[in-house]
Amino acid sequence: MNKVQKSYLNISIKVLIVALTSWFVYSKITHQQNLKQFNALISEFDGSSIWLILAVVVMMMFANWFLEVVKWRHLSKKIERLGWWTAIRSVFCGLTWAIFTPNRIGEYGGRVLLLQPENRASGAVAMGVGLFAQLVLTSVFGALSIAWFVQTFLPTPIFVKMAVWMIAIIYASAFLILYFNVHWVDTLVGKVKFLAKVKPFFSILEDFTSKELCHVLLISFARFAIFTSQYMVLMLFFLPELPMLSMVLMIFILFFVQAAVPSLDLFDFSVRSFVASNLYAYITTQEIAVMAIVSFVWFVNLILPAIIGTFFVFQVNYVGGNGKS
């Protein structure tokens, strides 16, 4: 393939990615009733205060993804040192790819393309460590919150409640143990014959020390706190009557279910809305307001960054090189 052909192919890929993103976003936003309900909800409040609240939520989104940039630079430095601008482009390109791929799998491809070609496979493994750290927190807080929910709201025998707590604690502990022994994955891959060819890419897992893994987990916790706070800010403003503890723990359950159910980002709001409305029905009759809030946070955290990422997509070289146009 000559230089001109590569150039045309590169442009075609960029246009295709942006076209897919635009179509998916448009098709869902125009039929998203919960966002319309959120618009109706904010119209009932004072203009200046509501815009301040919405601005805070959007700024939290930028803080959230900035922390992901920090985490990505930390994880990738064992493979290739990324500048801040390259890391930002990498993260947002991944978000654009994620939006139209099942279980956000495209985020790996979109992000590692800005690494040197020989580093991309190892980069995907390193990125997986960061995503697993986020999953560990979701699983730990989610499992314990489910146990609390069963104990608080479901009329079950005491031995059932105790069993649920025991399962939740074991489940949460298993995730923490596996995370701090992530090198076990490299060992496991080495024992599977048909994975022999990819074994070298997983060797990076041996390089992460407990201190480094703890650092990644702390960054992930900061992100977890931010997107929990987004829900809290909106719920405290629109539904101040909600009991604080129940509100927060149900947010954790929402995250847990969201992570457990395979879906496209664009269909993810249906799962979130359904779970949220059923959970919060135990503490409020304002299920429509809850679904509207959940949908708005979904839009801010996933759709808005994906739209921003389309501008970075045009700056990536998808045919050869290290992804830099």
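## A buried charged pair

Both Glu68 and Arg111 are buried (under 20% relative accessible area; exposed is over 50%, partly exposed in between, with a 1.4 Å probe and protein chains only). The two residues form a salt bridge, with the closest N and O atoms 2.9 Å apart. A salt bridge here is a side-chain nitrogen of Lys or Arg within 4 Å of a carboxyl oxygen of Asp or Glu. Glu68 sits in helix H3 (residues 47-76) and Arg111 in helix H5 (residues 106-112), so the pair ties together parts 43 residues apart in sequence.

This is a predicted model: local features need pLDDT of at least 70, side-chain atom pairs count only at pLDDT 80 or more, and totals for chains, interfaces and linings use all residues. Residues are numbered from 1 along each chain as its sequence is written, and side-chain values use heavy atoms, leaving out hydrogens and water.

## The salt-bridge network

Glu68 has another partner. Arg223 forms a salt bridge with Glu68, the closest N and O atoms being 2.8 Å apart. This pair links distant parts of the chain, with Arg223 in helix H10 and Glu68 in helix H3, 155 residues apart. Arg223 counts as buried at 7% relative accessibility. Glu68 counts as buried at 3%.

A network of salt bridges links Glu68, Lys71, Glu107, Arg111 and Arg223. The count of salt bridges comes to six.

## The H8 to H9 bridge

Lys199 and Asp186 meet through their side chains in a salt bridge (3.2 Å, N to O). Lys199 is in helix H9 (residues 199-202) and Asp186 in helix H8 (residues 183-190), 13 residues apart. Lys199 is partly exposed, with a relative accessible area of 27%. Asp186 is buried, at 4%.

## Helix H7

Buried in H7 are Lys161, Ala168, Ala172, Phe175 and Tyr179. Seen down the axis, the buried residues of H7 fall within an arc of 60°, so they line one face of the helix. The arc is that of the directions from the helix axis to the C-beta atoms. An α-helix has 3.6 residues a turn, so residues three or four places apart point the same way.

The buried residues of H7 pack against helix H6 (120-153) and helix H10 (210-238). Contact means heavy atoms within 4.5 Å. The face of H7 turned away from its buried side carries exposed Phe159, Met162, Ile167 and Ile170.

## A nonpolar patch

Ile177, Leu178, Trp184 and Val185 make a nonpolar surface patch of about 340 Å². Patches are made of residues with over 30% relative accessible area and no salt bridge; like charges are joined within 9 Å, nonpolar side chains (Val, Leu, Ile, Met, Phe, Trp, Tyr) within 5 Å. H7 and H8 each supply at least two residues of the patch. Trp184 lies in helix H8. Trp184 is partly exposed, with a relative accessible area of 43%.

## The whole chain

The chain has 13 helices and zero strands. These elements are DSSP runs numbered from the N terminus: helices are H or I with at least four residues, strands E with at least two. Of the 325 residues, 49% count as buried. Among contacts between residues at least 6 apart in sequence, 73% join residues at least 24 apart.

The accessible surface comes to about 15,400 Å², of which 71% belongs to carbon and sulfur atoms. Areas come from the Shrake-Rupley method with a 1.4 Å probe; for residues, only the protein chains shown count as cover.
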